[in-house]
Amino acid sequence: MSDHYVKVSIQLEEMKSFGEDAEKEGVDTEEQVPVCSPSASVSPPDPSSTTIAGRDASNTSITCKHRGKSRSKLGKDDKNSCGKHTSDVSLHGSVVSAHVGRNLNRLTHDRTLHVKGTGKILQGKSETNGNNVTVHPSKNIQETRREDGFKHARKGRPVTVDISKAKTSLEALKLSIKQLKWKEFPLGRRAACDIYWHGVSFHDNDNIVSGQVNKFPGMIEMLRKINLSRAVRTMQELFPEEYDFYPRSWILPEECQQFSTQIRMVKENDATINPTFIVKPDGGSQGDGIYLIRDPSDLKLMVGTQAKQAVVQEYIQRPLLIDKLKFDIRLYVLLKSLEPLEIYIAKEGLTRFCTEPYQEPSQKNLSHVFMHLTNYSLNVHSGNFVHSDSQSTGSKRTLSSVLYRLAAKGVDIKKVWSDIIALVIKTAIAVVPELRVYYQCDIPPGKPGPTCFQILGFDILLTKNLKPVLLEVNSNPSMRIEHEQEVAPGVFEYVPSPVDEEVKVGVIRDTLRLMDPGHKKPSISQHGEEIPMEAETQERSPDEGALPSLCLKQVYPKYTKQFNYLRLVERIASLFIRFLGVKGNMRMGPTAFRTFIRTCKLSNSNFSMASVDILYIDITRRWSGTMPDSREAGMGLQAFVEAFFYLAGRRFKSLVLREQVVSLLQLCEAQLESQSGVEERRSVSCSRAMPRAVRTLGLTNPQLNSPAPLRRASSQDYRLSR
């Protein structure tokens with residue numbers, strides 16, 4: 001029997017006896033198996049909960065096969081970082097470590113302590129007191145104990161990712177998982193995975209009841225050209241100056257006559273004005289079906305016998321040029337959660353260049369797509385398209401290389417980047433209300449289901465005066481890290497694209513890091529709401545030390561103070577969801593609308609319930625005509641918002657629209673709050689009148705003491721914030 005075996009056996013016996021003592025004292029013990037993954041680290045000493053890690057992990061190794069030169073370095077790092085095993089023991093007040101392997105020289109960790117009677121957790125490297133401990137705000141001891149136990153359990157095995165539905169993002173996803181040393185399941189898995197990566201939509205797999213999915217339900221529908229334009233237009237009505245980054249738009253075919261009339265009037269008033277417009281099909285992608293016009297008569301409204309759904313927008317005639325070429329920015333944005341709203345922006349993005357020198361639009365060059373359209377999928381077919389291994393040359397470059405070039409010319413890059421961040425946050429605030437309705441429909445309160453996150457692709461154009469303009473938001477931005485290249489006449493194959501790999505692998509990898517279920521993020525309390533702290537300020541496990549710093553920067557709730565006032569429509573959406581009545585429904589019926597009016601006391605002698613019914617019928621009928629493919633009858637959120645604006649204008653006539661809406665929201669929320677107080681007092685008085693046995697039953701089942709609407713609301717809040 002070797003000395004090593006004897007030492008480990010002695011340690012195991014000591015731990016076993018220590019675990020028995022801990023169980024007697026009511027302390028949870030758990031066994032942790034260190035593995036070759038970023039989540040395996042030394043357990044910190046904790047006087048209130050003890051973790052024992054007593055097994056040696058078997059030697060593991062990872063063999064990396066790379067097709068391109070850019071991946072060879074990664075393979076070397078992976079090889080060096082694995083192939084070693086440790087046995088770690090966390091004891092009360094001390095750490096006993098059995099070091100196995102030649103390459104493991106040191107272990108670093110932060111101390112985390114529970115402070116009895118204070119409801120706080122103290123953790124190293126944040127706020128320290130004389131005992132070298134730190135404060136974890138907004139958590140009590142019981143919550144933290146559960147989180148720590150979950151975190152230690154997660155460290156016993158790698159995070160599992162189902163990649164069976166990943167589609168075109170598969171290669172970048174596999175590289176990201178390899179760097180994180182997580183475990184992938186290319187064919188799916190019978191047991192539940194921690195993360196499910198879908199290539200198209202939330203419904204790629206409808207049998208998921210736990211874990212996390214990288215798609216939100218309803219995101220594809222919400223980011224179609226027409227719905228995005230409507231959402232931004234609503235915000236433009238309330239905040240015209242804040243939402244001037246989106247070009248003026250008309251929805252076809254319903255606003256075709258309005259578009260024609262307005263353009264004719266503009267030309268009659270000033271004959272020298274001859275604007276250009278760009279027409280985008282509602283469900284189009286990759287530049288398909290886009291064309292430019294200078295006269296409304298050039299619109300192509302019909303496809304066969306059906307009217308063509310599209311958006312027509314003012315064309316930006318003076319964009320910023322580099323090398324005489326028009327370009328746009330593809331910025332990757334992570335929507336981490338809806339409630340609380342969390343938004344991250346990738347520090348690095350892509351710039352896609354046209355392949356023909358730009359000229360202002362004229363009747364002669366309107367059809368020159370390689371001059372006017374920046375879509376990669378179009379320009380890649382141009383004979384002038386340049387595939388480059390350099391990040392600062394070619395037809396696709398990194399955003400940082402372009403910003404560096406602009407800075408060299410004296411451009412205030414900080415101002416440009418600040419404006420882009422504001423554009424992203426404002427756009428997200430515009431689309432979140434409808435997303436919340438979709439979310440509660442697909443994952444109703446009380447129904448098992450996953451939580452969601454999603455990477456979005458923002459296409460942004462810089463004008464000549466450096467103002468960012470939103471072109472569109474892609475729900476499924478391409479994450480392909482290779483491109484098609486003709487290697488012989490008529491023979492094509494996919495070859496690695498260094499620029500794409502540099503940007504996209506980092507975005508996917510760091511998205512996974514942020515969504516790691518074993519990393520519970522600390523939070524701070526602000527105005528009664530739990531606000532998650534920025535991920536970059538969190539402690540990192542020793543295995544994560546080999547990874548680069550996060551390429552994703554939190555912008556919300558980091559900038560809550562600057563943008564929270566814009567979330568008026570989201571408050572309207574909360575009212576809408578509350579009065580929907582039926583779980584999983586997206587449309588409000590006439591009875592629910594009457595209940596909303598009556599509960600918020602919005603009817604009076606001048607606005608009877610008969611008038612309420614007429615309002616409901618008129619608005620619902622008009623909106624149903626604009627959405628002929630809708631399968632549900634009733635009032636959707638956008639129709640409800642219009643009705644809410646009407647009610648606000650009727651009740652507060654002397655105010656501007658924004659103040660009208662704020663005033664009506666405050667009135668409705670105050671009425672609901674007062675009613676909740678009455679219901680709570682009523683339930684308390686009823687419980688006092690109950691027999692003791694019934695009261696005891698009510699205490700064991702808190703739902704019996706809670707009104708149904710409040711249960712639904714609280715359940716929904718819990719579901720959205722998981």
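Predicted model: local features only at pLDDT ≥ 70, side-chain atom pairs only at ≥ 80, totals over all residues.

User: What is the strand order in the open sheet of 4 strands?

Analyst: The order is S9-S14-S10-S11, and the pairing is antiparallel. S9 (249–252) and S11 (291–293) are the edge strands, each pairing on one side only. On average, neighbouring strands are turned by 25° against each other, direction ignored.

User: How many bridges join S10 to S14?

Analyst: There are 5 bridges between S10 (residues 277–281) and S14 (residues 310–314). Within S14, Val311 is the residue opposite Lys280.

User: Which strands does helix H6 touch?

Analyst: H6 (residues 225–238) packs on the sheet through S9, S10 and S14, and its direction makes about 135° with that of S9. Helix H7 (residues 256–269) lies across S9, S10, S11 and S14, at about 140° to S9.

User: Switching to charges. How many salt bridges does the structure hold?

Analyst: It holds 28. One of them pairs Arg352 with Asp459, with the closest N and O atoms 3.4 Å apart. That pair links strand S18 (residues 350–353) to strand S21 (residues 454–462), the two residues being 107 residues apart.

User: Why does Arg352 count as buried?

Analyst: Its relative accessible area is 9%, and buried means under 20%. Asp459 is buried as well, at 4%.

User: Which residues are in a network with that pair?

Analyst: Asp328 and Arg330 are linked with Arg352 and Asp459 in a network of salt bridges.

User: And Asp500, what is its partner?

Analyst: Asp500 forms a salt bridge with Lys396, at 3.1 Å between the closest N and O atoms. Asp500 sits in helix H12 (residues 498–515) and Lys396 in strand S19 (residues 396–398), 104 residues apart.

Technical notes: Residues numbered from 1 in each chain as written. Heavy atoms only, no water. Pairing = 2+ DSSP bridges. Axes fitted to C-alpha atoms, helices over the stretch in contact; angles between N-to-C directions. Contact = heavy atoms within 4.5 Å. Salt bridge = Lys/Arg side-chain N within 4 Å of Asp/Glu carboxyl O. Buried < 20%, exposed > 50% of the residue type's maximum accessible area, 1.4 Å probe, protein only.
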